[in-house]
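Hello,

Here is the structure I promised to pass on to you. Please open it beside this note, and my findings follow below.

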Amino acid sequence: MTEQKIPPVVLVDGSSYLFRAYHALPPLTTSKNHPTGAIKGVISMLRRLEQDFPGSKVVVAFDAKGKTFRHDMYEEYKANRPPMPEDLAMQIAPIHDIVRAMGLPLLIVPEVEADDVIGTLAHEATSKGIDVVISTGDKDMAQLVSDHVILNNTMTDTTMDRDGVVEKFGVTPEQIIDYLALVGDKVDNIPGVNKCGPKTAVKWLGTYQDLDNLIEHADEIKGKIGDYLREAIKTLPLSRELATIKTDVDLEFGLEDLGLPRQDDSQLIELFREYEFRTWVAELEKGESSEEQSSTSENASEPVERSYSIITDQSELDDWIERLKSSDLFAFDTETTSLRYMDAEVVGVSFAIHPGEAAYVPLAHDYMGAPEQLDRDHVLGQLKPLLEDPALAKVGQNLKYDKNVLANHGIHLEGIAEDTMLESYVLNSVLTRHDMDSLARQYLGEDTISFESIAGKGAKQLTFNQIELEKAGPYAAEDADITLRLHQTLSPMLEKTGKLANVYREIDLPLVPVLSRMEQRGTLINASTLKQHSQELAERMAELEKEAHDVAGEPFNLGSPKQLQAIFYEKMGLPVIKKTPKGAPSTAEPVLQELAHEHELPRLILEHRSLSKLKSTYTDTLPGLINHRTGRIHTSYHQAVTATGRLSSSEPNLQNIPIRTEQGRRIRQAFIAPEGFKLVAADYSQIELRIMAHLSGDKGLLTAFEKGEDIHKATAAEVFGVPVEDVSGDQRRSAKAINFGLIYGMSAFGLSRQLDVERKVAQEYIDRYFERYPGVLRYMDNIRKQAHEDGFVETLFGRRLYLPEINARNKQLQQAAERTAINAPMQGTAADIIKRAMIDVENWLLTEHADTARMTMQVHDELILEVRESALVDIRDGLVRRMSSAADLDVPLLVEAGVGDNWDQAH
DNA sequence: CGCAAATCGTA
DNA sequence: GTACGATTTGCGT
């Protein structure tokens, strides 16, 4: 790997700029008379910094309100400061808001000043070998300057390194504290030595080096000034202490905890509008349509010179293969005939070892007039030993896909050392897109060739084998090149935060081959029972439709919410119970449930809808997804989709197969085991509540789980104040809703709606709950607070979830973010746990039971295996044991397992 | 053909 | 009240 120069971290002393901007700039106001001069000064300064230090982490510190530890040392500290003018005070909150919207970490630590926060972070950075730029208007900070720390004053556009300090003050950075102690400070009310100014202080320190030595030789100083010095000896240690910027504040966070900058453009535009910074609004609005413009200028380092080759010559390929073999890491990508991995065939492969240099080896382009290419099977045969070598490290973008495709050619990809999609996902799961084009734009500031631009779009889109080599070559080679360069950018970002690197390396990366094998295995379904089921559903639906038309007095489309609205609310005049987000009267399930009391039509619609859903989504569709080669269905598990760390599944989505109704369960019954096998389904029991118990450390909850109590019953007993044995079914039901509500970050409003009780009653339940489980309350409060301070929350294993809207001024958005903040650590930790279990279980089965058992599905808290009948008990027990021990919590992880001929039975 | 909205299936 | 994906309709291109 190439050595990377880490950009310096920029620590901004916001408070010092605040005062200077206020005094230096004309008193601007908005049309509504809100003062904005200081806002404008501070923010334009920050924008300059972002430009001047591209790629740097920029952190902004402000003084907190109120007293500091220096007041404890010396109650006269800053006693001469006039109170802050009101029109300055009014500008502080807006500045904080804008800084947050700019995505910059904003540090306001109670009882210490911004200087001390900066001193501490600077110390941390340099101890890790990271250079520091302190941006401040305050000369006192000169004491922090060193070989790795420089000062920058953006307002005067000056920087000061070690030599600069000597030049400016006449003393070294190490002597600055003593210098300040001697000179004193009128405004801060630091006593110093009477009549001692800069000149005298420099002279003394030049002679005696430091304050202690000067004090020892105080009687050598002659004249009046000598008397003043001797008078001051008593207070000089205090002066020195007051002047010393702390570098060891207990911050409870470190540099690496201060998230990635994530500018919220829309928020920022709103704020700039509010304070009438029209140029900035225009700039952002222009930038938003082509976001890469701004990020290019911010992120792009030197443009990388590119040299891409298309290889159709055997000896050239041989050269590349030799180079690949001796590389430490190479980027690798396949081009294929289809995005569906089960059907896809390799069309070509590309490689890169060094940034900017990549090769594409076309193998199966078959358009009219395509140049002669190397023989696919021969080349793949040559590459097979490299691709299957676990010791030969590869990096790719979503290598699970490449691994699956290669398997179609009998190649079993090993040595998946890095995956840029997963690196990006672990760094920031909230970014919705982790495709290569987006990542290149975001992290490299590069615009990549889009697939559409070479293949066209829509029905006429070409497959890769139909694309001319002149177009395919640069596109494919770029994929490998960009992948390599992305890794070189993302990897250091990930490693900077140890915990995130761990999540990536210990959880998400090793899961890749596990998921790949599950996908390729697929699962067996009984198509004929599903088709039979479809038939029956169709018949029943026809009956319902006819009845509905009769009742309504006209034919209409039962599946059209719009037509339903017309019938219900316009024609029949039924009451509008709820509206859709867009304002139309809703015909959603709970609403119809309610309307069913008034009229018989809603009931017909409800039944029709639920049947139509089952039919169109499952019974009609699943048989068509059976792969002709394997006779099974093969889902795709997506590893970089959800914000919380869960997997998602598509084509088909196996994670929403019905279970709640009898009709639904018939669909599960079509998921079967092959001849001689049974299905084993094992699921974690109440895993999220157990995680809540662990994370909160609440005694009562921990004990309940420890004792193996029915947790909903136990909750009911506490909340309703009755003995466990007297808990009624209704009480247990309520308690269950409370428990779920807790996991979802509930409000009294939400709970009242769920339980159909008054909001006040729901609030009483919640209060009673928190009274009985105070640890949970503390935990909820803490997590909210943490989210507001850090802008992210994390799972037990350190996976992060950023909450860009946690400090939004729109309260709705903010509250939604708070609920996410509460839910994400629990949902995410559960996801981490089952992923760990999957890695463990797969490796166990592969090495010890390859012919008897295989994992085929995952549904968030459940794993499904096909197990040979002869080994059922062993495998089931081993599975339960491994799942239970996937994490070491303060509560037992209970796993329940069932066995059956189909998925429904196994439950 | 592509997209948003509404709806509903799961954990 | 959390987290997803698939389907259909209806509208605009």
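A word on terms before we start: a residue is called buried when its relative accessible area is under 20%, exposed when over 50%, and partly exposed in between, using a 1.4 Å probe and protein chains only. This is a predicted model, in which local features need pLDDT of at least 70 and side-chain atom pairs count only at pLDDT 80 or more, while totals for chains, interfaces and linings use all residues. Residues are numbered from 1 along each chain as its sequence is written, chains are lettered from A and ligands numbered from 1 in the order in which they are written, and side-chain values use heavy atoms, leaving out hydrogens and water.

Helices (H or I, at least four residues) and strands (E, at least two) are DSSP runs, numbered from the N terminus.

Helix α29 (residues 687-696) has nine of its ten residues buried, so the rest of the structure largely encloses it. The buried ones are I687, E688, L689, R690, I691, M692, A693, H694 and S696. Just after α29 comes G697, with a positive phi of about 65°.

Strand β17 (residues 677-684) is likewise largely enclosed by the rest of the structure, because eight of its eight residues are buried. F677, L679, A681 and D683 point one way from the strand, and K678, V680, A682 and Y684 point the other way.

Two strands pair if DSSP finds at least two bridges between them. β17 pairs with β21 (residues 862-868) in the antiparallel sense over seven bridges, and F677 has R868 of β21 as its bridge partner. β17 also pairs antiparallel with β22 (residues 895-900), over six bridges; here D683 stands opposite E896.

**A sheet and a helix pair**

An open sheet of six strands runs in the order β3-β2-β1-β4-β5-β6, with mixed pairing. Its edge strands, β3 (106-108) and β6 (158-160), each pair on one side only.

β2 (residues 58-62) and β3 pair in the parallel sense over three bridges, with A61 opposite L107.

Axes are lines fitted to C-alpha atoms, for helices over the stretch in contact, and angles run from 0 to 180 degrees between N-to-C directions. The axes of helix α2 (residues 37-52) and helix α5 (residues 92-101) come within 9 Å and cross at roughly 25°. Contact (heavy atoms within 4.5 Å) is made by A38, I39, V42, I43 and L46 of α2 and P94, I95, I98 and V99 of α5.

Best wishes
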